[in-house]
Amino acid sequence: MLVETGTVLAAEDLTVELGGLPVLRGVGIAVRAGEAVALLGGNGSGKSTLVRTVLGLLPHQRGTVRLFGSPLRDFRDWSRIGYVPQRSAALFGGSKVKEVVTAGRLARRRLFRSLPRADRDAVRTAITLVGLAEQRNADIAELSGGQQQRALIARALAGEPDLLVLDEPISGVDLEHQRVLADVLAGLLSAGTSALVVLHDVGPLGSLLDRAVVLSDGRVVHDGALGDLGQHRRRLGGHEYLDHGPAAAPDHDDRERLLGGAVEP
Amino acid sequence: MIEILSYPFMQRALIAALLTGLIAPAIGTYVVQRRLSLLGDGLGHVALAGVGLALLTGTAPIPIAVVACIAGAVVVEILRQRGKASGDVGLAVLFYGGLAAGVFLSGISGVGAAGLTQYLFGSLTTVTPNDLTLIALLAVVILVITLGLAPQLYAVSTDEEFARTQGLRVRLYHITVVSLAAVTVALAMRTVGLLLVSALMVVPVAAARNLVRGFTSGLGCAIAIGVATAVGGAAASFYINAAPGAFIVLLAIGFFVLSWPLSYLVRRRRAAAVLPELVDDDELVAAHMVTESHPHRHAPGCGHPAVQHGDHTDFIHEGHRHAAHADHYDEH
């Protein structure tokens, strides 16, 4: 089992270029066991790229990634990770909700075997947790956007992971189910699960998160308590500020001052 | 039916058709899921190079075509994984190169391009016992993998990135799928022919998607349609003296065309099962039936279909309708 004092996810000096353009420039991020970290930033700031890179879905040009202490290249314990992507090809249809969710057990399944009872139970539990029990046999494409998002969350939960990596998990989910998902996440966190949550806005998950890392233009501009962030945000005139990409460069000095010198030179 | 079973060549033809009907939709399901529906068509071109080589060297065509096809499929997959813009052109060069090489090699072998016709359109009735043994062996391999590894192949074909975060060796599975598709194409050149095999990989899958819901049911239904059309077409073409390959594919397309109105009916029936008959009966309302303990709160987008009912909204809940009334829900 996991060493509770360990770091479950660590990236250092991560540099990623996509199509020749730098998207991440020397990013460092760490999630300790049992910790819930928010990853914030505007559109194009590199949040999803960072998440996809630490999971090995995108190659990086420089830097290191370690998952549960192992270098990414040697990491094999994938059942410990539950990933909720921002978009999924699984939503095109042709699959039942329970088939999509069952894929979340794959890291634990052996080849050429039928699904053991424990896996079926985990799938059923995950579907019930996100409130899709009545839709479990529906085609995933027939669901609303919010329901599809909940199905993807159920898929990650089905694997009973130690680290959840959630890319905007509650976008498109109605308020009632945002609260439901927040409760589910709270339960998992109190049971010792760690989480890295990409968010556009903190929203109902705010009270659950221990720390926030803010990306802007491919760099970490804040790494610390959420409370401090709120203060910065207010002074920066709200969330809009973070939406500016490279075009906002003239504000750079300003931002550096406001964020307490967290911006790299 | 008894009459045609008395001819050994028809026995072999029917068994070969049965095996093709089993394996083509089984592997086709994954090929379609990956949006590579035309892969089989391209591989058919490559298989012709193998046939040409076999004619030139005087060896059995199926084994050489299998090898050529697998090699072509692996090249296709590598080009695709590199994701280069030149990959598309690379595919075209590979496919037409295969076709040209096949025609060229058969020409210098003395057989001539006409000798390729039976492979282009199939020749079920000339399947030899040796052909049949090879087809049966490879069909078993294909079925064991496509059904035994269904959860893994489904995941990599549907959502490659998520499959990767489950630790699946995605590239290896992709190579497996295209290689099995290649084997299927090469085997099918004796049954429905290289030009038509792709149809048997795609059309039953498309028809099945109209008829049933879910991936696993779709796989089973596609195989059933494949077997029915392949065996039915092979048997029927014996009586009406038609080209079996073409007849099998036309039958499959017939299934597909019929599946459209059928899917409409199936969906309506499902909808009817969800939406009970909307009796606009005041007595029912007047009776004021309160639902049992109901912790769920209905709201727009809560997952239960909303129906306008007079001056308020009902939510369809497990076959009956709930309407909010003070602190509880009424049955409407």
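## A tour of chains A and B

Asn241(B) sits in the loop that links α12 (215–240) and α13 (244–274) of chain B. Helices (H or I, at least four residues) and strands (E, at least two) are DSSP runs, numbered from the N terminus. This is a predicted model, in which local features need pLDDT of at least 70 and side-chain atom pairs count only at pLDDT 80 or more, while totals for chains, interfaces and linings use all residues. Residues are numbered from 1 along each chain as its sequence is written, and chains are lettered from A and ligands numbered from 1 in the order in which they are written.

Most residues other than glycine have a negative phi. Asn241(B) is not a glycine, yet its phi is positive, about 55°. Phe112(A) is not a glycine either, and its phi is positive at about 60°. Phe112(A) belongs to the loop between α2 (97–102) and α3 (117–129) of chain A.

To describe their surroundings, a residue is called buried if 20 or more other C-beta atoms lie within 10 Å of its own, exposed if 12 or fewer, and partly exposed in between, with C-beta atoms placed from the backbone. With 6 other C-beta atoms within 10 Å, Asn241(B) is exposed. Phe112(A) has 13 other C-beta atoms within 10 Å and is therefore partly exposed.

**The two chains in numbers**

Two residues are in contact if their C-beta atoms, placed from the backbone, lie within 7 Å. Here is how each chain is built.

| Chain | Helices and strands | Buried residues | Contacts joining residues at least 24 apart, among those at least 6 apart |
|---|---|---|---|
| Chain A | eight helices, ten strands | 44% of 265 residues | 70% |

**Strand β7 of chain A**

Let's step into chain A. Strand β7 (residues 163–167) of chain A is largely enclosed by the rest of the structure, because five of its five residues are buried. In a regular strand the side chains alternate between the two faces of the sheet. Both faces of β7(A) are covered, with Leu163(A), Val165(A) and Asp167(A) buried on one side and Leu164(A) and Leu166(A) buried on the other.

What does β7(A) pair with? Two strands pair if DSSP finds at least two bridges between them. Strand β6 (residues 81–84) of chain A runs parallel to β7(A), with four bridges, and Gly82(A) has Leu164(A) as its bridge partner in β7(A). Strand β8 (residues 194–198) of chain A is also parallel to β7(A), with five bridges; there, Val197(A) in β8(A) stands opposite Leu166(A). Together with helix α5 (residues 175–190) of chain A, β7(A) and β8(A) make a right-handed β-α-β unit. Right-handed here means that, with the strands pointing away from the viewer, the path from the first strand over the helix to the second runs clockwise.

**An antiparallel sheet in chain A**

Chain A also has an open sheet of four strands in the order β2-β1-β4-β5, with antiparallel pairing. Its edge strands, β2 (21–32) and β5 (70–71) of chain A, each pair on one side only. Strand β4 (residues 62–67) of chain A and β5(A) run antiparallel and are joined by two bridges; Leu67(A) has Ser70(A) as its bridge partner in β5(A).

**Where the domains of chain A meet**

An automatic or database domain assignment sets the domain bounds. For chain A, the assignment gives domain 1 (1–68 + 162–265) and domain 2 (83–161). Their contact takes 17 residues from domain 1 of chain A and 14 residues from domain 2 of chain A. On the domain 1 side, β7 and α5 of chain A are the elements that give two or more residues, and β7(A) provides the largest share, five residues. The residues of that side divide into ten nonpolar, three polar and four charged. Ala, Val, Leu, Ile, Met, Phe, Trp, Tyr, Cys and Pro count as nonpolar, Asp, Glu, Lys and Arg as charged, and the others, Gly among them, as polar.

**The largest nonpolar core**

A nonpolar core is a set of buried Ala, Val, Leu, Ile, Met, Phe, Trp, Tyr and Cys residues joined through C-beta atoms within 7 Å. The largest one has 161 residues, of which Ala47(B), Cys69(B) and Leu200(B) touch the most other members. Helix α2 (residues 8–33) of chain B gives the most to this core, 13 residues. Leaving aside residues up to four places away in sequence, the residues that Leu200(B) touches include Thr20(B), Ala24(B), Val192(B) and Ile248(B).
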